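Hi,

Here is the structure I promised to pass on.

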Amino acid sequence: TLTTDVLMDAFRPFGCVAVRFPKPRTNPMGHLPPPPSFAFLDFTSHEEASRCLADLKGEAVVRNIMLTLKWSSSPNGAKRSHNHHAYTHPPPFLAGGGAIPPPPPPPPKRRNRITEAEAADSTTLFLRLPPSLDSSSYPKELETMRILAQSTMEDELNTGMPTDSDERITAEDEPALRVTVRQPNEEMNYGFLTFASHAAALTTLVALTGQEDGGAVSEEKLVAGVRLESSTGDEKASAVRTNVSHLNGVTLYWAKGAQPKSSSENEKNYGLSFHKRHFPPDSRTDCWFCLASPTCEKHLIIAVYEECYITMPKGAVNEHHSLIVPVEHGGDGALVNKKIAPEIESVKSKLRIHARTVLQKDLFVFERCIETKGGYHTHVQCIPVDADSGPAIQSKMLEMSTRAGFQLKEITSDLGLNALEDDWSSGYFYAEIPLPGGGNDFRRFIYRAGDGGANGGGGGSGGRGRGHVPLQFGREVLAEVMGKPDIAQWKACVVSQEKEEEMTVEFRKSLENITC
C-alpha cells in the first residue's frame, strides 16, 4: 500500500514537502469509491520540482510499484510535480461478486533522455535496476553495478594484461578509476554512479551499453560477470567472476552535471592562497596532482608558488618527504620544462637548506619521468636522509639499476637537463645524490628511457635501453640502504588523514622562514 508516509519517505530526498491524495468523490449509489490512482507532490519551488522530475527521468519504483511522474497544473496556473500510477489497493467488489477492472494503462510516453553532448559537464550516470527485482535487494544490486562499472574501466585500461599481474592498474592505486554509488532511497530501484571524470563515465557507458548516450547494459557483459569480494577474504575467490545475468534489463543513462557547491567544505583551502593561474584549462578532474581535481588532497599541500607547489605524498617515507609538482598537467619532465625548471630549481634549493639547517639531514632528490598506463602528472621527489649517507645511496642505486637492466650515467656538466638535450619525450630517471659534508653540493645521474647506447659523452645520458625502471625505484633504493623494506611501497606507509594534516602543518611552519 502506498500511503502518504511511504511516498514522503521515497520523495523527501528530492525536496518533496507534502503528498496530497485527491478527495474521494461521493457516490450516490452508496458504493465505496475506488482508491485514487494518482497523488500530488508539493515542493517549495518550481526549481526543486523540476530537478526531481529530471533526476528520476519521469519514473520511480516504490515498493515494487511503477510510478510515472509528470507536471500538473495548480488552480492558479503554476506547475507542480504530479504522480500518476496504477491502483495501489485491490479493486472493490460488486454485489454479484465481480471486480471492477482497473483502467487500461496509458500509452508509453516518449522519454527525453539526456544525450552525451548535453551532459558534457557530467561525471554521473543514472542507473535503473530491472522492475522484476525485489526491493529488499536494491542496495546490494546497486553495489554490484558499481563494481561492474569500476572493473569495466580497469579492464579497458589493462587490455591484454592478466588479472593477477602485478603491473595491472586498479582503482585501489589509481583514483581516476574509482566509482561511487548513491541511492536516494532504499525502496526505489535506481541510483547514481559517480566517476572521477566525464571521460571515465563515457568509457564505461560505451563499454557496457555500446552507446554514447546510454541504454540497456548488454547481456554479454552481465553474463561475463563481475569480480565480487569474497566474504571470507579469499583472494582466489574474489578473482572469480560471478554471473549477474539476473540484472538483465538494467539501464544506464547520463544524469545532469552536479551543480557547483558553495559549502565551506569546497572552499576549505587549509590556509593556502590559490589563484586563477593555479587552475589552468588543461586540469584533469581524475588526476591526483591537478589542483582543480576533486581527487587532489589539498590538506597535504605545504606551499604554493607561481608554476609549482610543494606537497607531501600519500604514504610518505618520513615526516618531511615532499613532492615538487608543476601546476600544469603534463607528462613532460619537470626538470626539462624550460618554463618551470627555474622555479623548481629554486624550490629544491629551499628544501635542501631546510633539510640541512632545520633537520640536520641531507636531501635525496629524484624524478621518474616515464609515462604510465594510468596517465602521468610529472613531479620531483625530495626526501631528507641521514647526513653523509649519500655514498651509500649512490652505491646501492647503481647496483640496483644494473640489476634491473638499465644503466645510470653520471652527468659531469653543470648544465641543466633542459640544456643537455632537446628531446626527452621517451622519458628518463634522474637523481641527485648529496655529497658528504652537507652544503648544496650533489652528484647527478641520469638514465634516458629507450636510449640504446651504453656509451655517451661526459654530459650526456646513456643506458642499455632494454631495462625497466620500477615505479617505486627511488623508494626501493632507500629501503635497501635504511634496512626498512616497508618504505619501498607507499601503501605500506599510509597514515590517517588526521596524522597527515598534523604532519603537513608542522612541515609548513618549519619551512616558512627558510630563504634562499
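Let's start with a helix pair: Leu148, Ala149, Thr152, Met153 and Glu156 in α3 meet Ala200, Thr203, Thr204, Ala207 and Leu208 in α4, where contact means heavy atoms within 4.5 Å. By class, this contact has 6 nonpolar, 3 polar and 1 charged residues; Ala, Val, Leu, Ile, Met, Phe, Trp, Tyr, Cys and Pro count as nonpolar, Asp, Glu, Lys and Arg as charged, and the others, Gly among them, as polar.

Before going further, a word on the source: this is a predicted model, with pLDDT of at least 70 needed for local features and 80 or more for side-chain atom pairs, while totals for chains, interfaces and linings use all residues. Residues are numbered from 1 along each chain as its sequence is written, and side-chain values use heavy atoms, leaving out hydrogens and water.

Back to the helices. The axes of α3 (residues 138-157) and α4 (residues 198-209) come within 9 Å and cross at roughly 95 degrees. That makes α3 roughly perpendicular to α4 (65 to 115 degrees counts as that). Axes are lines fitted to C-alpha atoms, for helices over the stretch in contact, and angles run from 0 to 180 degrees between N-to-C directions. Helices (H or I, at least four residues) and strands (E, at least two) are DSSP runs, numbered from the N terminus.

Next, the sheet. Its 5 strands form an open sheet in the order β7-β8-β6-β12-β9, with antiparallel pairing; two strands pair if DSSP finds at least two bridges between them. β7 (179-182) and β9 (214-216) are the edge strands, each pairing on one side only. From one strand to the next, the twist averages 25 degrees. β9 is joined to β12 (residues 251-254) by 3 bridges, and Gly214 stands opposite Tyr253 in β12.

Both helices also meet strands of this sheet. α3 lies across β6 (124-128), β7 and β8 (190-195), at about 160 degrees to β7. α4 packs on the sheet too, touching β6, β8, β9 and β12, and its direction makes about 145 degrees with that of β12.

Two loop residues are worth a look. Gln360, between α8 (341-357) and β16 (361-369), is not a glycine but has a positive phi, near 55 degrees. Asp388, between β17 (380-386) and α9 (390-404), also has a positive phi, near 65 degrees.

Overall, the chain has 12 helices and 20 strands.

Cheers

Technical notes:
Parallel < 35°, antiparallel > 145°, perpendicular 65-115°, else oblique.
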